[in-house]
Amino acid sequence: MAKEVYSAREAAQALGISLDTLRRWDRDGRIRTRRDAGNRRIVSAKEIARLRGDDGTRHMSARNRLRGTVRAVQVDGLLAQVEILVTEPARIVAIVTRDAVEELGLEPGAPATAVVKSTSVMVES
């Protein structure tokens, strides 16, 4: 992140949430905000990174992230099946595109995170 402090609207965009959600999180104490000279909410880059749980380069909004290790990758045409061992003996299996497997560098033994959102499972490395 280039800036040290973001407006509430910018912070909400960076977190993938609505401005109303950010305000609600502030009232509930879920996010740490300050007020500027005009009494507007501002959010530090560190707080955004803390809530996103990453270095600020990802833009997915999802609450459930299951870290694990890629156990198997099966590519067939345009699709690929990725099996991630999250906590033995549990595992997550996701159907993703072949391009995604190549872009993320997914191969057995590689670290990966299963991002569970709604009824879909997405994979990030």
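1. Helix α1 (residues 8–15) and helix α3 (residues 45–52) of this predicted model pack with their axes 10 Å apart and at an angle of about 25°, where axes are lines fitted to C-alpha atoms, for helices over the stretch in contact, and angles run from 0 to 180 degrees between N-to-C directions. The two helices, α1 and α3, are therefore roughly parallel to each other; angles under 35 degrees count as roughly parallel, over 145 as roughly antiparallel, 65 to 115 as roughly perpendicular and the rest as oblique.

2. On the α1 side of this packing stand A11, A14 and L15, which meet I48, L51 and R52 in α3, a contact being heavy atoms within 4.5 Å. The residues of the contact of α1 with α3 comprise five nonpolar, no polar and one charged, with Ala, Val, Leu, Ile, Met, Phe, Trp, Tyr, Cys and Pro counted as nonpolar, Asp, Glu, Lys and Arg as charged, and the others, Gly among them, as polar.

3. Helix α1 also packs against helix α2 (residues 19–28), at an angle of about 100° and with the axes 9 Å apart, which makes α1 roughly perpendicular to α2. From α1 the contact draws on A8, R9, A11, A12 and L15, and from α2 on L19, L22 and W25. Seven nonpolar residues, no polar and one charged make up the contact of α1 with α2.

4. Within helix α3 one also finds E47, a residue that is buried, with a relative accessible area of 3%; buried means under 20% relative accessible area, exposed over 50% and partly exposed in between (1.4 Å probe, protein chains only). Leaving aside residues up to four places away in sequence, E47 touches R30, I31 and R32.

5. N39, in the loop between β2 (34–35) and β3 (41–44), deserves a look at its backbone: its phi is near 65°, a positive value in a residue other than glycine. Most residues other than glycine have a negative phi.

6. As for the whole chain, the protein has four helices and eight strands, defined as DSSP runs numbered from the N terminus (helices H or I, at least four residues; strands E, at least two). Of its 125 residues, 33% count as buried.

7. On conventions, residues are numbered from 1 along each chain as its sequence is written, and side-chain values use heavy atoms, with hydrogens and water left out. Because the model is predicted, local features need pLDDT of at least 70 and side-chain atom pairs count only at pLDDT 80 or more, whereas totals for chains, interfaces and linings use all residues.
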